[in-house]
Amino acid sequence: MTGAATTSPAALRRWRRFSPGERIARSIFYVIALVAIGWSLKTIEIIPEFLYDAPQQTADLFLRMWPIDWSWYPKVVHEALIETLHIATLGTILAVAMASLVALLVARNITHSLFLNGIGRFILVATRSVHSMIWALFFVAVFGPGPLAGMLAIAVHSIGFTGKFLSEAIEDARPGPIEALTAAGASPLAILLKGYWPQVMPAFLSISVFRWDINVRESAVLGLVGGGGLGMALDTALSNLYWDQAGLVLLVIFVVVIITEVATSLLRSRLI
């Protein structure tokens with residue numbers, strides 16, 4: 001004769017969200033984060049007196065910018081604005097052209113060589129890891145200050161971002177049309193143009209427009225290091241303490257960023 005099996009509450013397994021090892025790892029992470037925050041606060045040497053009067057200094061700065069010197073727009077700012085748009089546009093076109101070649105190296109369904117894949121990925125990582133301001137400083141040292149240095153800085157820095165997303169779009173292409181063209185004896189160029197391009201084109205256009213939007217914002221400040229455009233007009237105003245002219249440049253940058261954001265959002269919604 002056997003009795004019903006009973007289980008004591010102590011013998012029941014208790015559900016826990018994290019294992020003991022995971023709890024220890026999370027605790028170590030929190031401790032390291034707190035130590036890093038404390039070390040950073042100590043290293044940057046925050047002076048409380050500067051924080052107390054920061055609102056007053058900010059209000060005083062904006063009061064100096066008002067009223068804005070609108071007469072400076074046709075003299076300097078308009079030409080600098082056009083130059084900024086040209087820098088962003090030409091830099092984006094050059095970046096897309098170079099990034100497309102790198103994307104073909106990185107896409108594993110196009111290039112099957114691990115060595116060439118590695119070279120392409122190195123180019124993507126190297127170009128986007130260095131900020132556009134650093135690239136601008138480098139090209140200013142090589143070509144001198146001006147829009148050429150700003151355009152090249154925009155182009156080189158954009159290769160990593162553009163090439164990464166283009167390579168992912170190529171790898172996501174449906175293999176059916178590619179296999180059909182290959183079976184029909186199509187050339188590699190025909191496979192690219194007829195098999196991959198129709199599938200990649202919406203992503204290609206969307207990425208290009210989105211990158212141009214980003215480049216307009218970045219090119220607006222590259223002039224601070226000699227890259228031409230609105231940044232040079234802003235640097236001139238700040239160097240001479242012409243706060244009303246600096247306020248005009250900041251306002252123009254703000255308006256241009258808003259307009260390009262709205263325009264690119266509408267354009268991308270039609271492309272996707």
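Author: What follows takes up the fold, a helix, the core, the surface and the salt bridges in turn.

Reader: What secondary structure does the chain have, and which pattern does it follow?

Author: This is a predicted model, and its secondary structure comes to eleven helices and zero strands. Read along the sequence, the chain therefore gives the pattern α-α-α-α-α-α-α-α-α-α-α.

Reader: Which span should helix 4 have, and how far apart are its end C-alpha atoms?

Author: Helix 4 covers residues 72-106, which makes 35 residues, and at 1.5 Å a residue these should span 51 Å. The helix also has a kink of about 30°, centred on His-78.

Reader: Which element gives the largest share of the largest nonpolar core?

Author: The largest nonpolar core has 18 residues, of which Trp-72, Val-77, Leu-230, Leu-248, Val-249 and Val-252 touch the most other members. Two or more residues come from each of helix 4, helix 10 (230-239) and helix 11. The largest share, six residues, is that of helix 11.

Reader: How far apart in helix 7 are Glu-168 and Lys-164?

Author: Glu-168 forms a salt bridge with Lys-164, and the closest N and O atoms are 3.3 Å apart. At 33% relative accessibility, Glu-168 counts as partly exposed, and Lys-164, at 33%, counts as partly exposed too. Both lie in helix 7 (residues 147-171), about one turn of the helix from each other, that is, four residues apart.

Reader: Which residues are linked with Asp-213 in a network of salt bridges?

Author: The side chains of Asp-213 and Arg-217 meet in a salt bridge of 3.2 Å, N to O, and the two are separated by about one helical turn because they stand four residues apart in helix 9 (residues 188-219). Asp-213 is buried, with a relative accessible area of 2%, whereas Arg-217 counts as partly exposed at 35%. The residues linked with Asp-213 in the network are Arg-217 and Glu-261.

Technical notes. Residues numbered from 1 in each chain as written. Predicted model: local features only at pLDDT ≥ 70, side-chain atom pairs only at ≥ 80, totals over all residues. Heavy atoms only, no water. Expected span 1.5 Å × (residues − 1). Bend = angle between axes of the 7 residues up to and from the residue. Core = buried A, V, L, I, M, F, W, Y, C linked by side-chain atoms within 4.5 Å. Buried < 20%, exposed > 50% of the residue type's maximum accessible area, 1.4 Å probe, protein only. Salt bridge = Lys/Arg side-chain N within 4 Å of Asp/Glu carboxyl O.
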